[in-house]
Amino acid sequence: MSSAPYTIGVDLGGTNLRVAAYSQPTGILEQIQLPTRLRDGRDAVVRDMCMAIEQLIRNRPQGGLVGIGVGSPGPIELPEGRLHHLPNLPGWDGFELRATIERMLEMSVIVENDANLAALAECRLGKGKSLGADSLCMLTLGTGVGNGIILNGNIWDGMNGMAGEAGHATIWPDGHVCGCGSHGCLEQYASATAVCRMAREAVVGGNAPGLAVLERQNGEFTSRQLAEAARAGDPDAREIFDLVGRSLGIGLAGLVNTLNLPLYVVGGGLAQAWDLFSAKMFAELKHRSYVYRFTDGEIDAFGHRSAKTYVEPAELGAESGILGACLLPITSERGVITEQAQTKP
Ligand SMILES: [Zn+2]
């Protein structure tokens with residue numbers, strides 16, 4: 001049998017563990033999805049991960065495996081793959097994720113921050129590909145606000161893997177306390193968690209009758225319900241999404257002024273509320289970033305067409321994390337697997 005090249009990607013989430021085999025140009029060849037057994041401890045989770053990886057390797061012809069990419073919530077110290085204070089994986093602080101996987105598998109793996117991997121996939125297979133941009137900055141609006149920066153097709157990891165933490169940029173200096181130890185981070189105003197918190201605060205404040213009814217009916221809020229309430233015209237729900245937009249615009253203005261990249265992508269579940277927050281986001285971005293204003297793609301007073309900064313919703317959706325993990329061994333020089341390692345007894 002021939003040994004067509006393929007990679008394996010792992011998406012380690014707080015709820016689900018996904019492991020996939022991938023080849024170009026086919027895409028995902030086979031995928032295993034398991035619940036992340038956090039209650040059984042981190043060794044049990046890594047054992048599940050390694051068994052799924054081994055199963056995918058057994059299902060393919062020997063010799064074709066290019067490498068294994070593992071995405072984990074950050075912050076992670078790279079290239080060591082050591083985890084730091086993960087709000088969604090309690091008890092994993094200081095865990096040597098890469099070393100533990102490599103010991104169990106007896107193979108090298110590459111570990112990367114999951115928000116960076118979503119950005120990599122969006123660049124190579126999503127919006128970056130559609131617009132012909134090989135550099136981008138992505139914000140992922142989920143439980144928190146993830147951030148990844150891709151420069152010339154590759155992840156910008158920074159000195160030790162901690163670049164791309166714009167979710168913790170200060171937006172409102174005296175704002176809500178954040179798990180990172182600061183106050184008023186972007187994550188506290190533009191994540192799904194933040195939207196639900198702001199709704200609860202509005203109800204407690206006693207001036208949000210529509211939201212109070214919604215809470216009584218459903219027990220607790222979801223960002224999707226709040227988006228529906230805003231679309232139906234509830235003024236307090238609309239106000240929350242206005243604040244999401246303003247906060248994102250301020251965060252993006254800092255990024256555009258600093259990075260001057262061609263493309264900024266907004267993904268994650270809350271990005272589905274684009275229709276509700278984008279007008280305020282663009283207004284704030286225009287107001288606060290002259291780099292953005294100077295790069296509108298229009299012809300200027302001297303007759304020159306300027307370069308254009310695109311700010312766009314993501315294209316790939318929930319698949320971006322696992323796709324980025326699968327792409328990682330193709331784009332990174334770390335952790336290339338030799339044929340010898342794959343054919344161990
Ligand atoms: Zn923070």
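Asn 260 is partly exposed, with a relative accessible area of 48%; the classes are buried under 20%, exposed over 50% and partly exposed in between, using a 1.4 Å probe and protein chains only. Asn 260 sits in the loop between helix H9 (235-259) and strand S11 (263-267), where helices (H or I, at least four residues) and strands (E, at least two) are DSSP runs numbered from the N terminus. Its phi is positive, about 50°, although Asn 260 is not a glycine.

Glu 106 also has a positive phi, near 55°, and is a residue other than glycine. Glu 106 lies in the loop between H2 and strand S7 (110-113). Its relative accessibility is 56%, so Glu 106 counts as exposed.

## Basis of the model

The model is predicted: local features need pLDDT of at least 70, side-chain atom pairs count only at pLDDT 80 or more, and totals for chains, interfaces and linings use all residues. Residues are numbered from 1 along each chain as its sequence is written, and side-chain values use heavy atoms, with hydrogens and water left out.

## Overall chain

The protein chain contains 13 helices and 12 strands. Its C-alpha trace spans about 65 × 60 × 35 Å along the principal axes.

Of the 345 residues, 51% are buried. Among contacts (heavy atoms within 4.5 Å) with a separation of 6 or more, 63% are between residues 24 or more positions apart. The chain exposes about 16,000 Å², of which carbon and sulfur atoms supply 51%; the areas come from the Shrake-Rupley method with a 1.4 Å probe, and for residues only the protein chains shown count as cover.

## Helix H12

Helix H12 covers residues 320-331, 12 residues in total, and reaches 15 Å from its first C-alpha to its last, close to the expected 16 Å. The expected span is 1.5 Å times one less than the number of residues. In H12, 11 of the 12 residues are buried, including Gly 321, Cys 326 and Pro 329.

## Buried positions in other elements

Ile 150 belongs to strand S9 (residues 145-151) and counts as buried at 0% relative accessibility. Apart from residues up to four places away in sequence, Ile 150 touches Asn 116, Ala 119, Leu 120, Cys 123, Asp 134, Ser 135, Leu 136 and Ile 155.

Arg 197, in helix H6 (residues 192-204), is buried at 10% relative accessibility. Leaving aside neighbours within four places in sequence, Arg 197 is in contact with His 176, Gln 188 and Tyr 189. Leu 105 is in helix H2 (residues 97-105) and is buried, with a relative accessible area of 0%.

## Cis peptide bonds

The peptide bond from Gly 74 to Pro 75 is cis, with omega near 0°. Pro 75 lies in the loop between strand S4 (65-72) and S5. Gly 74 and Leu 105 are 31 residues apart in sequence, and their C-alpha atoms are 22 Å apart in space.

Another cis peptide bond joins Leu 78 and Pro 79, with omega about 5°. Pro 79 lies in the loop between strand S5 (76-77) and strand S6 (82-83) and is partly exposed, at 40% relative accessible area.
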